[in-house]
Amino acid sequence: ILYRHERALEKPLVSKSLVINLPGCPIHPQNLATVLLHLSKNNPLPLDTMNRPKEIYARTVHQGCSRNE
């Protein structure tokens, strides 16, 4: 479905079989923007074993916290 202000892409940005998991409840908007920017520029997006972008989800929020270590 295309709206009036949209135009069809010549080729899809992502193949139909590729799934990129973006965990979060809700997902952080900056993480979504980062992934969409990579896809729009056709930049490689390395994924981990759970199909999450390594650049974003390589560390937990607890790593580096002085109260946790």
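## A guided tour around helix α1

Select H38 to begin: this residue is buried, with a relative accessible area of 16% (buried means under 20% relative accessible area, exposed over 50%, and partly exposed in between, using a 1.4 Å probe and protein chains only). The model is a predicted one, in which local features need pLDDT of at least 70 and side-chain atom pairs count only at pLDDT 80 or more, while totals for chains, interfaces and linings use all residues. Residues are numbered from 1 along each chain as its sequence is written, and side-chain values use heavy atoms, with hydrogens and water left out.

Keep H38 selected and display its surroundings. Which residues are in contact with H38, leaving aside its neighbours within four places in sequence? They are N43, P44, L45 and E55, where contact means heavy atoms within 4.5 Å.

Next, select residues 29-40, which form helix α1, the helix that holds H38. Helices are DSSP runs of H or I with at least four residues, strands are runs of E with at least two, and both are numbered from the N terminus. The end C-alpha atoms of α1 are 16 Å apart, in agreement with the 16 Å that its twelve residues should span at 1.5 Å a residue; the expected span is 1.5 Å times one less than the number of residues.

Within α1, colour N31, V35, H38 and L39, which are buried. These residues cover an arc of only 100° around the axis, so they lie on the same side of α1; the arc is that of the directions from the helix axis to the C-beta atoms. An α-helix has 3.6 residues a turn, so residues three or four places apart point the same way. The buried residues of α1 pack against α2. Turn to the other side of α1 to find P29 and Q30, which are exposed.

Now move to the segment before α1, where P26 is placed. A cis peptide bond joins C25 to P26, with omega at about -5°.

Then pass to what follows α1 and select N42, whose phi is positive, near 55°, although N42 is not a glycine. N42 belongs to the loop between α1 and α2 (54-57). Is N42 buried or exposed? It is exposed, with a relative accessible area of 51%.

Finally, select N51, which lies in the loop between α1 and α2. Phi of N51 is also positive, near 60°, in a residue other than glycine. With 31% relative accessibility, N51 counts as partly exposed.
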